Amino acid sequence: MDKPAPNISGIPEDELHALVDGRLAPEAAAQLRQRLAADPEAAATVAAWRTQREALRALYGPIAESPLPASLVAAAEHAQNLQSQAAQWWRWGGMAAAVVLAFGMGWFSSARWDLGPGGIASKGAGQARHFAQQAVVAHAVFQPEVRHPVEVTAAQQEHLVQWLSKRLGRPLKVPVLTAQGYELVGGRLLPGDEGARAQFMYQNAAGQRITLYLGALKPGSADANTTEFKFLQSGSVPGFYWVDHGFGYAIAGQLPRGALHDLASAVYAQL
Amino acid sequence: MNRSLLVDQLPGLRRYARALTGNSWAADDLVQDTLERACTKWQLWVAGTDLRAWLFTLMHNLYMSQRRAARVAMNSVSIDELESELQAPASNSDDPLDISRCLQRLPADQRAVLLLVVLEDMSYKEAAKVLAIPIGTVMSRLSRARSRLRELMESGRPAPSESATGQPPALRRMK
């Protein structure tokens, strides 16, 4: 980059710019104007630049006052919504971390477990708890996802079911929640401590998303046959989870408890 | 959060895009592209920081890369040269070169600095931030932009002597 042409008048050119752009303190500006009075060339430069400035502002200034095209407003609102979701992701990410902590602090103490001897019970309960915890984290991670909420979309449902059934080692069925207003978005495969996990995502007309998380629990664990619904309230991502014949299920979404329970019942009835 | 509402930034973005591109369709396309880019880049915007500067940076980068792409498509003809060529016929008319046409003849990086400072009222520091260049470069580009614009404006004024007396008597009737 070559340097700007030296100012013949001796006044630093940066000061001339600052004067034209109104970036000088009042005293400094007044002083400079005095010097310009004795320097016709620099004064002419300043005058020309002022003319440019005024012409540009007069020409383009009104564009900022003109009505915005609806398409741009819509695009801006869309972008803003995504930003809120991105911000929510961070909040939920933080929340997910809080969930992990809370689990560690016996936050699930309200969950009732129909278990045998205490020692095994706590171990089994721990496994199911851990499963539910992973479900909540997976929900928090993928629910706000805009571009890739699922790996395989509902359009390829047959493939989705075959694939996840194979990976989870058991024939799966995708519950239909249309009666509750939810359509399948698709599904994805996730790693769990006990092996593969499947996550199905559903969305209603309002864009509300719920996820169903499922996978096999360790064979022979004490709660392998527990079928009771457990409600978990993490503050922001409530859900129900249950264990059925060695398989764990968790449904999570930002819904009232009653609505979630209806969904959980609908899923349970179909599986 | 209200200070960071995207829709509140639209008027300024449109104004700048209009002056930068010199064309109202291209300008709104550029704003639209900027908003789309924002969608995919939100995670890079740190909430609470200067949304306006961030959006102007996105727009500037988009504009420059679109120009580069156009230049490649044009078989490496410099857009600036091309613009001068395309607009040369207009300047041969007796109309004075208006400021918008002169503005489009500036190199894009100079035009950007001039517009951010003059039209968008950014401080030199803000303009440097938006364009990701040192403040010294802002000052030198501003200087060159203003000098060049002045030359263009002054040279574009109607020169009656040229058209009235400089013209040969082309229609002299042959006997």
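This report covers the nonpolar cores and salt bridges of a predicted model.

## Nonpolar cores

The largest nonpolar core has 60 residues. Within it, B:Trp42 and B:Leu114 touch the most other members. Helix 3 of chain B, residues 51–73, supplies the largest share of this core: ten residues.

A second core is separate and holds 29 residues. Among them are A:Leu172, A:Leu177, A:Ala198 and A:Ile251.

## A salt bridge between chains

Over all chains, the count is ten salt bridges. One of them pairs A:Arg57 with B:Asp121. Their closest N and O atoms are 3.0 Å apart. This pair crosses between chains. A:Arg57 sits in helix 3 (residues 40–60) of chain A. B:Asp121 sits in the loop between helix 6 (108–118) and helix 7 (124–131) of chain B.

Both partners are partly exposed. The relative accessible area is 32% for A:Arg57 and 34% for B:Asp121.

## Salt bridges within chain B

B:Asp98 forms a salt bridge with B:Arg101, with the closest N and O atoms 3.4 Å apart. B:Asp98 is partly exposed, at 32% relative accessible area.

B:Asp109 pairs with B:Arg141, and here the closest N and O atoms are 3.7 Å apart. B:Asp109 is partly exposed, at 22%. B:Arg141 is buried, at 11%.

Some salt bridges share partners. They join A:Asp21, A:Arg53, A:Arg57, B:Asp121 and B:Arg146 into one network.

Methods: Residues are numbered from 1 along each chain as its sequence is written. Chains are lettered from A and ligands numbered from 1 in the order in which they are written. This is a predicted model: local features need pLDDT of at least 70, side-chain atom pairs count only at pLDDT 80 or more; totals for chains, interfaces and linings use all residues. Side-chain values use heavy atoms; hydrogens and water are left out. A nonpolar core is a set of buried Ala, Val, Leu, Ile, Met, Phe, Trp, Tyr and Cys residues joined through side-chain atoms within 4.5 Å. Buried means under 20% relative accessible area, exposed over 50%, partly exposed in between (1.4 Å probe, protein chains only). Helices (H or I, at least four residues) and strands (E, at least two) are DSSP runs, numbered from the N terminus. A salt bridge is a side-chain nitrogen of Lys or Arg within 4 Å of a carboxyl oxygen of Asp or Glu.
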